[in-house]
Amino acid sequence: MEQKLKSHFLSLYCMIVADGDIAISELNELYRIARENYGLSQEEIEQAILSGGSAFYIPDETEEKIKFLYELALIATADGVVDAEKVLLSNYAKKFGFIEENIDDIVNILLEYAQEKKSVNEILKHLS
């Protein structure tokens, strides 16, 4: 697996463990994202997580950043409890260079759309 993609999935896994409770619904969402968006198997994701050792990758394009953050939001909302995950999502938005005063709004929109299972394209339209 390419290092950028491995970094992405390690970040998604960090969202799962952010609240100290690894919910099966969150793992299922991780595997769904891997399968549907990247053509990866559960075994490939598990191997990436177990092997660790990846640098943190920040996407170059705004659209890629939103997609990444949205996948984090999908995992954050998978178990119906969003506490520590919201803080982590905000931290990722900061690392991605979003303007500080916009981060709360961006995170809230991402979480709302994730709860409603809207498409990433709907979010991109809303935020543009």
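What follows is a chat about helix packing, the nonpolar core and one proline in a predicted model.

Trainee: How do α1 and α2 pack, at what angle and how far apart are their axes?
Mentor: Helix α1, residues 3-17, and helix α2, residues 24-38, pack at an angle of about 155 degrees, and their axes are 9 Å apart. Angles over 145 degrees count as roughly antiparallel, and α1 and α2 are therefore roughly antiparallel to each other.

Trainee: And which residues in α1 and α2 meet?
Mentor: From α1 there are L5, H8, F9, L12, Y13 and I16, and these meet E26, L27, L30, I33, A34 and Y38 in α2. Sorted by class, this contact has 10 nonpolar residues, one polar and one charged.

Trainee: Switching to the largest nonpolar core, how many residues has it, and which have the most contacts inside it?
Mentor: The largest nonpolar core has 38 residues, and F9, L30 and L69 are those with the most contacts inside it. Helix α4 gives the most to this core, with nine residues.

Trainee: What does L69 touch?
Mentor: Not counting residues up to four places away in sequence, L69 touches L89, Y92, A93, F96, F98 and L110.

Trainee: New topic: where is P59, and is P59 buried or exposed?
Mentor: P59 lies in the loop between α3 and α4, and P59 counts as buried because its relative accessibility is 5%, whereas the cut-off for buried is under 20%.

Trainee: So what is P59 in contact with?
Mentor: Leaving aside neighbours within four places in sequence, P59 is in contact with E64, K65, F68 and F96.

Notes:
Residues numbered from 1 in each chain as written. Predicted model: local features only at pLDDT ≥ 70, side-chain atom pairs only at ≥ 80, totals over all residues. Heavy atoms only, no water. Axes fitted to C-alpha atoms, helices over the stretch in contact; angles between N-to-C directions. Helix = DSSP H or I, 4+ residues; strand = E, 2+ residues; numbered from the N terminus. Parallel < 35°, antiparallel > 145°, perpendicular 65-115°, else oblique. Contact = heavy atoms within 4.5 Å. Nonpolar A, V, L, I, M, F, W, Y, C, P; charged D, E, K, R; others polar. Core = buried A, V, L, I, M, F, W, Y, C linked by side-chain atoms within 4.5 Å. Buried < 20%, exposed > 50% of the residue type's maximum accessible area, 1.4 Å probe, protein only.
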